[in-house]
Every structure is written in C-alpha cells, then in structure tokens.
Amino acid sequence: MSDVLSVQGLSVTVRDKTLVQDVDLTVGPGERVGLIGESGSGKSLTALSVIGLLPEDVHAAGSVRLAGVSHELIGADERRMSRVRGLQLAMVFQEPMTALNPTMRVGDQVAEAMLIHRTVPGRRSARLAATELLDRVGLAGAMKTYPHQLSGGQRQRIVVALALANDPALLICDEPTTALDVTVQAMILDLIMQGVAARESALLFITHDLAVVATICQRVLVMYGGRVVEAGPVGEVFTRPRHRYTQGLLAASDLESADARLPTIPGNVPAAGQFPSGCVFRTRCAHATELCAEVPPWEGTPAHGFACHHPAPAMEPTHA
Amino acid sequence: MILRLVERTAVLLVSLAVASVLVFGFMAVLPGDPARVALGVNASDEAVAQLRQQFGLDRSLATQYVDWLGGLLQGDFGTSYVSKVAIGPQIADRFQVTLWLVVTAMIVALVLAAPAGTVMAARHRRISGLALSALSQLGVAVPAFLAGILLIMVFAVKLGWLPANGWTPPAEDPGMFLKQLVLPALSLGLVQGAVLTRYVRSAVLDVLREDYLRTARAKGLRPFPALWRHGLRNAAVPVVTVLGLQLATLLIGAVVVERVFVIPGLGSLLLDGVSNRDLLLVQDVVMVLVVAVLVVNFLVDLLYVALDPRLRVSR
Ligand SMILES: Nc1ncnc2c1ncn2[C@@H]1O[C@H](COP(=O)(O)OP(=O)(O)OP(=O)(O)O)[C@@H](O)[C@H]1O
Ligand SMILES: [Mg+2]
C-alpha cells in the first residue's frame, strides 16, 4: 500500500536562516511513527509544514503529499489546505490550556470540527456525534462546559476528541503530554492510541520522551539540527543506534537503568541557523573528523538508515 | 453571576454617592456666593438676601446637599437662580439631543474601527495595513472641533451638500434631522473611530497570536472565518472597555461640537449655564454627565460577563 504521508526534501527557512533541511519522511497507513530529537531540532516546524500552519515569515519548500489529496500540500492555497486540515489531517498541540476558545462551549467546539467539513448532516447530528466523542474520551456531560471549567488533562482530551472527530487518515501529535502531569499523561496516550487504532489512522508522534516512543511507535525518526539523522524500526534504532547523535540521545535518557547520573551529550544545541556545515552534529561529536565537514550521505533504505561518516558498529551495544 | 451583579451594583451606588458629594462640594467651594454670582456685582444686599432665602441658600451646606440629592432622586432638579425656570425639563430636552449625537458618533466610530482595525491587524506586515495605521494615527491627532470645522468647510461651505449647523428634532422633520446630524456625528465619531481603531488592531493582533486560533485553523477554518468565529468575542472584551471609557471623551467632545454646530444639547446648556452664572444649572448638568458615564461603565461591566464565560464563576 502507498504511504499516507510522504515528505520529500522538506526545508524550512526564515528570512536567510535555514531551520529544517532535506527532511524525508513517510508514514504508512495506520503506522505509528515517532519523531524525536532535542529541543530546537526542528520537529515542530516539520509538523507545522505538513499541516501548513507555519508562523508568518517562515516558509517551507519541498514536497508534502497526503494519500487521498490530489495536490501538493506545500504551497497549496488556503482554500485547498482548509479542506484537508481537520478532515484527512489533524493535529494535537502541546499546550492544552490555551488550545481551546475560552468563550465557546467545548461541545460546540467539537461539533464545529464536523460541521466545517460537513461530515455530519446538520447541527443536531453534529451535537450528537460530539456528545459521543466526548463520552469516548471519558468526558460525558462536558458538552456545555467552558474550557476554564476543565483541567489541563481534560482539555487535552477534548482536543484529542476534536482532532479525531472526522476520522483523519493522519494524526499529528506535537508533544501532547509534555504540559501534563505524569498520571494524566498515560491516560492521554491511551486515548490517542485507542483513537487511532479504532479509525486505522496513521500517527506522527513528536516527543522528547523515548520511553513513550518505545511504547507507542513502530518506527522512529531522529532529528538534529533540522535534519533527520537516523530512521528505522523502534526496536532496531533504540537497541542498535548507528548515528552518534542517536547513541548520545539514548545514553542520556537511559530507558532501562534507574541510575540518575546519566551521561549527557556534551555541549549545547546551537541556536537556529548556527549549526555547522557538513554533519550538523560534528561540533558535539567525539568521533568527528575532517571528513565530517562534508554532509554525510544517507546509508540504508529511506525507511531504515542513518547519515553518519563514523557510525557506531552495527552490533555495538547501546551503552558503550 | 448574581454575586457579581450585586457587587457591581454596590460599586455603582457608592460611586454615584461619591460623585454627588464631589460635584456638590466643588460648586460649594467655588469662591463667591451663588446668589451674588447669579445677580451680579451691582445687586443690592437685600436682593441677594432675598434670593438666598428664596432658594434656601442660607441653610447649612449639609442641608442644602441633602435637599439637592433628595430632589434629584425624585427627578426634581430644582429651579434656576437666574431664569427662575425649572431645570429638570430643560435637561430632559437637551439630554435627548446629546444622546442622539453621542450614540450616532459611537456607531460611526465602531463601524469605522471594527473593520479598519481588523484589516490593520491581519495585514500588519503589508502596505495596506501600514497605510491604514498611518491614517488612523493622523485621525488620533485631530481634535473633534477641528474635524468639525474642516467638515463644515468642505461639505457645507464648499460643496453645499449638508447644512453647516442647526438642529431639528427627528419627530418634526426626519430628513432634516438626519442631514443636520451627519456632520456633527462625523466630527465626533471619526476622531473617536481613529482612536478606537488602534485598540481594535491591538486586540485582534493579540487574538491572532492565540493558540485557540491555531486550533481553529487546524480544524479546517480559513483565516478570516477562524478570526470571525473564534476571535471576535475574545477581541471584543478589551474593545468594549475602551468604548466605555471613550464615552467620557465623547461627552466632553460633544460639549464643544454642539457649540461649533449650534446644537441645543447638554453641552450648550452647560456652556450657557456657565456664561449666565447659573450655578445650580451647571451643577445639575455636570451631575447628569457623571451619572451617564458611571452607568455606562456599569453596563460595560455586565457586558464583560456576557462576553467572557470565565468571569461567570461565582467566587
Ligand atoms: N518563527 C521562527 N523564527 C525564527 N526561528 C524559529 C521560528 N520558529 C522556530 N524557530 C527556530 O527553529 C528551530 C526549530 O524549532 P522547532 O520548534 O521545530 O523545534 P522543536 O524540535 O520542536 O523543539 P522543541 O522540542 O523545543 O519543541 C529552533 O531553533 C527555533 O528557535
Ligand atoms: Mg516543538
């Protein structure tokens, strides 16, 4: 089957700065893909390029195609994009406290998602469908409440219900649980998992939390400095990382041991546009040589590979 | 909700009481005896004494205040020391005129500011938005009376489209009423509109940056419908505040504009009162203006609650 989402050669620029470069990424039907990387690596910008909601003066180039949509998403006009957003492609953002309109009842906000795309015949059925959606996220009876009457976790459940209202082919979640406390996180993740499973929607899940990726995703992409540096099945990448950055990232967020003194990746993430030429990681990499001044080629298949001149040996264990 | 209503009403009543003391007190501490002021410097002492007695000015200030306030509460504004005519009916008459003027000006201001401010915000990086900004900046700098004089020069004197001044009650001749209303309402409204535009612009800019607007876009609403459905009410809250505050400015503007356009409103009544040294009349008119401002701000407060459900939580 062909991919639900296919991103090719995506780059994102603001004025003269390049924030994301040469990103290729595919998500198959019903597939759950994780997107990880330190803060500032370009994960959100990648997601926003796909849904076409980049901030003003930030521009995307390249190709983004969505199954069932006959046109290119990059550069599509508002009229066409608005027909895709919320229907075939939905997104859940990080901050639930401010994601809902404070002056509108949450039931109406959920119902609106269906009314916009006319996936229900009328207001009454939209309201019924919204009631059912809220019921399924455990908020039966929240139809008439306003956002301020709900907690952060409850609001995020509303946002999830709203995003899934039209059974999108692809759901993008940008750190949907980062702003929530741990007990609530599990519940939101559960809802997202159940939601996409019931609809056979594909999932692109952005997070810092490698444990979350390990539990919910089948495949993972590692971003650094606006580039995808490694990609592959979660099991492979997390047990046998090849890119030195992935290796560092894994070591820094040790999934198994409870040791609090984790090794960190030396140095800091450079500011946007300040990444070195060639391999973007070379200024922080212990294995870097002169060779790294050249952009490392992608090794392997698009679905499983890495871009590193001095990769970890294929069988090297995680914690060297 | 009920609690807020009670609380706001209490605040209104207290501010009304304080305002009445201030207005009365201010007139009382003005140098000179109101009776002598009314009669002029050449009046005989007997005449002055007689007037003082006739209007109860020989009583203590506290008694006079209570008497005045008690009268106001029953709709009795007292009798002018100068013309010996009842003040209440005059104020009622003039109030209507000013009300027409101020309300029309407010509508002009809103009709101008809401779309202009929104366009300025939505296009704040483009030429059209910047041009509108510059234009409104210019409007802010022009005082209402100057706008009035300019409008008279262009539309009344040069083009002869509209009367330069005068007032006809709407019941008498609606056509004439409208014609005469246009220029004064514009001179008040355009200037207020320019000021208001800037507030609308910043309110809409704030809303455009809100996450819920991005959510609305992610649902599939195009930029303008998203702003309309999800931004309007949120942006209205700060704008309504400014509208309430602007009312005071509009009333002051009306005093001057009524002079320029020879309109028999409260403003002209006030100025007449001042030039006739009719202190009670002045005191009453000022009180009416203050009450109008306070009541409008009370209503604005209630409007907030209607606009923003977050304010409806009972504490
Ligand atoms: N509007 C903008 N103008 C300039 N630079 C921007 C803009 N938006 C983002 N950036 C920069 O682009 C880089 C990537 O941003 P992005 O938000 O995609 O990071 P991220 O991987 O999502 O990080 P986080 O984990 O913190 O959310 C950052 O360095 C950020 O400062
Ligand atoms: Mg981000």
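## Strands and their pairing in chain A

Two strands pair if DSSP finds at least two bridges between them. In this predicted model, strand β10 of chain A is joined by 2 bridges to strand β11, residues 305-306 of chain A, and the two run antiparallel. One of the residue pairings can be named: A:G300 has A:G305, in β11(A), as its bridge partner.

The size of an interface is often given as the accessible area lost when the parts come together. Between chain B and chain A the buried area is about 2400 Å², with 55% of it given by carbon and sulfur atoms. Of the area that chain B buries against chain A, 25% is supplied by B:R214, B:A218 and B:K219, more than by any other three residues.

## Charged and polar links

The rule finds 3 salt bridges across the interface of chain B and chain A, and in a salt bridge the side chains of A:E112 and B:K219 meet at 2.5 Å, N to O. On the side of chain B that touches chain A, α9 (211-219) and α10 (223-260) of chain B each supply at least two residues, and α9(B) gives the most, with 7 residues. The residues of this side divide into 7 nonpolar, 5 polar and 11 charged.

Note on methods: Residues are numbered from 1 along each chain as its sequence is written. Chains are lettered from A and ligands numbered from 1 in the order in which they are written. This is a predicted model: local features need pLDDT of at least 70, side-chain atom pairs count only at pLDDT 80 or more; totals for chains, interfaces and linings use all residues. Side-chain values use heavy atoms; hydrogens and water are left out. Buried area is the accessible area (1.4 Å probe) that two parts lose on being put together, summed over both. A salt bridge is a side-chain nitrogen of Lys or Arg within 4 Å of a carboxyl oxygen of Asp or Glu. Helices (H or I, at least four residues) and strands (E, at least two) are DSSP runs, numbered from the N terminus. Ala, Val, Leu, Ile, Met, Phe, Trp, Tyr, Cys and Pro count as nonpolar, Asp, Glu, Lys and Arg as charged, and the others, Gly among them, as polar.
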